[in-house]
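The sequence and structure come first.

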Amino acid sequence: MIISAGLSPAWQQILEVDSLQIGEVNRCQSAHWSASGKVINVGIAIRHLGIPCETIFSAGGYTRDLIEADLMNLQVPCRILKQQNPTRICTTVLDRSTGQTTELVENATSVSAIEVSAFAEEFRSHVASADVVVLTGSLPAGAPATLYHDLLSDTSCPVILDARGPELEAALNQNPFLVKPNLEELEHTLARSLASTDQMIKGMQDINQRGATWVVISQGKDALWATSEEQVFRFTPAKADAVNPIGCGDSLAAGIACGIHEGRSVPDAIRWGMAAAADNLTRLLPARLSKTSVDTFFDQIEMEQLV
């Protein structure tokens, strides 16, 4: 089983427009709604990839009912804890004339100390049966920056950590199996610019030396890099027709987790995650993957180990 856990779910609104005009009235071609946010996207992707999973998060307000109904319809096992503040609504605007995506992201609403404690207790009650864990998403106000650190200390299986800033830094000494910051987050964590590829690789391996067994950084359609203390890999993504990029990073994390669960080597697990991200890119709603399509994209991804 794989556990996806986090405190930043969302109810997602996706609007398609012919051509987005800033400062004008824009009439939409279509509107779609779905349960989303990093923790939910990971859980949905794992479910579509056919691996048993449990998705743990808290939610509140009327959007909680919408999220729960959507996940039930998708048959995604979940533990939804009660939260006093309403769960956020995020909006994606897809401009079909330019292919550009505009995100209107509401910050996750704050949580109380009691709600954080209930979330941690729920996680600990399930983690012993997990083969892989994904801890994902920014921590909302009210959650301590050490929360992922504390959850890692109670986890013996491999953990994929998709976090940034203080929560990433605090967790490194608990030796997460794989972390996936973006380049800006890596620069922030190391407090220095990483302008060249060599500097980026050195920065990634600095994070390896601080505790992360593997570090993964995506450069979008150009490349994805993975390092351990001793190894460096460069991956070339599959070509995919872009419909909606939202959830690609979450599908990457989910695919890697599924690959590790299946006993794949780490480089092959990363390829599987990249294939999941490519399939996600072709879909309007995030993380609603097709295992058959992921298999096809997997064969297109090139891998090179660098000295």
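Predicted model: local features only at pLDDT ≥ 70, side-chain atom pairs only at ≥ 80, totals over all residues.

Residues are numbered from 1 along each chain as its sequence is written, and side-chain values use heavy atoms, with hydrogens and water left out.

**Cavity**

- The whole structure holds one cavity of 30 Å³ or more (a set of points on a 1 Å grid over the protein atoms alone where a 1.4 Å probe fits but cannot get out).
- The largest cavity contains about 50 Å³ of space, a volume being the space filled by probe spheres set on the grid points, which are joined across faces, edges and corners.
- Its lining (residues with an atom within 4 Å of a point) consists of Leu7, Ser8, Pro9, Ser58, Gln83, Pro86, Thr87, Arg88, Ala108 and Thr109.
- By class, the lining has four nonpolar, five polar and one charged residue (Ala, Val, Leu, Ile, Met, Phe, Trp, Tyr, Cys and Pro count as nonpolar, Asp, Glu, Lys and Arg as charged, and the others, Gly among them, as polar).

**H1 and H2**

- Helices here are DSSP runs (H or I, at least four residues), numbered from the N terminus.
- The axes of H1 (residues 38–48) and H2 (residues 62–74) come within 11 Å and cross at roughly 15° (axes are lines fitted to C-alpha atoms over the stretch in contact, with angles from 0 to 180 degrees between N-to-C directions).
- H1 is therefore roughly parallel to H2 (angles under 35 degrees).
- Their crossing is left-handed (the near helix is turned anticlockwise from the far one by less than a right angle; clockwise is right-handed).
- Ile40, Ile44, Arg47 and His48 of H1 meet Ile67, Leu71 and Leu74 of H2, contact meaning heavy atoms within 4.5 Å.
- This contact comprises five nonpolar, one polar and one charged residue.

**H8 and H9**

- H8 (residues 248–261) and H9 cross at roughly 145°, their axes coming within 7 Å.
- The crossing of H8 and H9 is right-handed.
- Residues in this contact include Leu252 and Ile256 in H8 and Trp272 and Met274 in H9.
- The contact has 12 nonpolar, five polar and no charged residues.

**H9 and H10**

- H9 (residues 266–281) packs on H10 (residues 291–298) at about 120°, with axes 8 Å apart.
- H9 passes H10 in a right-handed crossing.
- The contact of H9 with H10 has seven nonpolar, one polar and five charged residues.

Notes. 1 Å grid on protein atoms, 1.4 Å probe; cavity = no way out; pocket = protein on both sides within 12 Å on 5 of 7 lines; lining within 4 Å. Helix = DSSP H or I, 4+ residues; strand = E, 2+ residues; numbered from the N terminus. Parallel < 35°, antiparallel > 145°, perpendicular 65-115°, else oblique.
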